[in-house]
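Keep the 3D view open as you read.

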Amino acid sequence: MELLFFAAAFACGFSVYQLKLPPLIGFLMAGFILNLLGYRSTELLNQLADLGVTLLLFSIGLKLKIGNLVKAQVWAPATLHIVLSSAFFASLLLLLGAMSLPLFTDLTMSSALLVGFAFSFSSTVFAVKVLEERGEMSSLHGKISIGILVMQDIFAVVFLAISTGKAPNVWALVLLVALPVFRPVMLWILNRSKHGELLPLFGFFFALVIGYHAFEFAGLKGDLGALIIGMLFAPHKKAGELSKSLMNLKDVLLVGFFLNIGLNANMSFDALLIACLLTLVLPIKVCFYYLLTNLFKLRARTSLLSAFTLANYSEFGLIVCAVAASSGAIAADWLAVVAIAVSITFVIASPLNKRANGIYVKLEPLLLKFESDKRLEEELPVNLTDTRIVIFGMGRIGTGAYETIEATHPGSIAGIDIKPEVVDKHVQRGRRVLLADATDPDFWQRVNHSRVDMVMLAMPKHMQNIYALEQLKASGFKGQVTAIANYPDQQRELEEMGVNSTYNFYLEAGSGFAEHVKQNLFS
């Protein structure tokens, strides 16, 4: 049966991808189509979906630093948004109940607050998928979004612990002491796991056994355990490699999660109507995100992109409603409403995020009126004075290009990257590397590139290079542009957009290796 579900997910995902929409929309469609055909989720599919979410939270932990959560621009908007959004939805639900609309009439003040609390969350799964596809997990708006989502997850875990009466037991104290003590041993094991098949198995073991099941045994939420264990490994140099080794497995398992949303929905005309009605007020929730993040000195673009990333209802809302329904606090029909509303907002938010930069350009004059005069350090203007060559993306390829050019044209090159830790590493080694987001339209407006002769696009994600190229052309750049690609079709796309030359990393790595051998052999 599960093979049929995944086959339907592939067919629908492939179809919507041909329309240049994210495949996850197809996965959701497959779940609802199978539901209408009379199929229901199975125990195995539920287990696969749970595994996917656990690995997702572990992967988030690998990229998350505690310092990001304690920043005012993260915890303050997250806390204020939960309060304001819950109050808004509760008030709306009670108002609709006063109008004698079905399902709303049974709500009391406390039950309306519970449902409002459920709708205040945004989807961690959706946000991470969108940010990973766009290569923006390390961007400032990506970090802000993930930080807010983690804070929301913490609020949800506290709620579940209180509502289910499940209090931490004595083993929670043992965990609290044991994790810091055994962390050096865990890091040693990670080092000794090297780069082969042991690495993803290492991640699987620590996410599910040490993370999920150990925390469940201690009376804590297992998903929170996976997140915390991931955060313990985050500072390690192999954290990124570990995350990549789990990526494909995590993505396949998450297909089960998206299928489950449609398969578990108790479809009815009333549920569909109410879900559509609540979807209509989603822009108000998005405005809350925008205004609150703007209040804490984020630029208009950063606030807008963060708000778009969070422009959905959450799978955590389903969990909150399920717990409330099991205790009789709300009617079970609200589960179907939330499931359908989550699905609709996923479908809406996917193309919205894809067009986020274009929307910002159109709304920029209006949005700038809400922007703070003060800037965070991460968003200060970038100075490219006396720079002839600029490299965007200072990973392995960008660093190699920088070193080669710097050796022959010292002082004429600068590197740019969106990751603060990468920039810090290069600056410590004496390289001129600046912190900026190449896909940010404001970046190109703040930079005078009239003296720049060449731009090299060496960012790891193809879409990052595409977005940067679009902004570069819009800014009136007249110099040469070269870019890296992984596949021939990506090279053709870049060349059709006006790139002077492309470098296929996989095809040309062999020729570069041969040149290296010849130089050493015949020197």
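Which helix gives the most to the lining of the second largest pocket? Helix 3 does, with 7 residues. Please bear in mind along the way that this is a predicted model.

Let's stay with that pocket for a moment. The second largest pocket holds about 650 Å³ of space, and 27 residues line it. To find its centre on your screen, look for Asp50, Phe257, Glu315, Leu318 and Ile319, the lining residues that lie nearest to it. Several elements give two or more residues to this lining: helix 3 (43-62), helix 7 (124-133), helix 12 (239-263), helix 16 (315-326) and helix 17 (333-354). By class, the lining comprises 16 nonpolar, 6 polar and 5 charged residues.

Helix 12, one of those contributors to the pocket, also leads us to our next stop. There, helix 10 (residues 198-217) packs with helix 12 at an angle of about 85 degrees, and their axes are 9 Å apart. An angle from 65 to 115 degrees counts as roughly perpendicular, so that is how helix 10 and helix 12 are described. On the helix 10 side, the contact is made by Leu199, Pro200, Phe202, Gly203 and Phe204, while helix 12 brings Glu241, Leu242, Ser245, Leu246 and Leu249. Sorted by class, the residues of this contact are 7 nonpolar, 2 polar and 1 charged.

Now turn to helix 5 (residues 72-98) and helix 14 (residues 282-295), which pack at an angle of about 150 degrees with their axes 10 Å apart. Because angles over 145 degrees count as roughly antiparallel, helix 5 is roughly antiparallel to helix 14. The crossing of these two helices is right-handed. Here Pro77, Leu80, His81, Leu84, Ser85, Phe88 and Phe89 of helix 5 meet Ile284, Lys285, Phe288, Tyr289, Leu292 and Thr293 of helix 14. This contact of helix 5 with helix 14 has 9 nonpolar, 3 polar and 1 charged residues.

Our last stop is the pair formed by helix 15 (residues 300-309) and helix 18 (residues 356-367). Their packing angle is about 130 degrees, and their axes lie 10 Å apart. Helix 15 and helix 18 are therefore oblique to each other. Their crossing is right-handed. If you zoom in, you will see Ala300, Arg301, Leu304, Leu305 and Phe308 from helix 15 meeting Ala356, Asn357, Ile359, Tyr360 and Leu367 from helix 18. In the contact of helix 15 with helix 18, the residues are 8 nonpolar, 1 polar and 1 charged.

Definitions and conventions
Residues numbered from 1 in each chain as written. Predicted model: local features only at pLDDT ≥ 70, side-chain atom pairs only at ≥ 80, totals over all residues. Heavy atoms only, no water. Axes fitted to C-alpha atoms, helices over the stretch in contact; angles between N-to-C directions. Helix = DSSP H or I, 4+ residues; strand = E, 2+ residues; numbered from the N terminus. Parallel < 35°, antiparallel > 145°, perpendicular 65-115°, else oblique. Left-handed = near helix turned anticlockwise from the far one by under 90°. Contact = heavy atoms within 4.5 Å. Nonpolar A, V, L, I, M, F, W, Y, C, P; charged D, E, K, R; others polar. 1 Å grid on protein atoms, 1.4 Å probe; cavity = no way out; pocket = protein on both sides within 12 Å on 5 of 7 lines; lining within 4 Å. Points joined across faces, edges and corners; volume = space filled by probe spheres on them.
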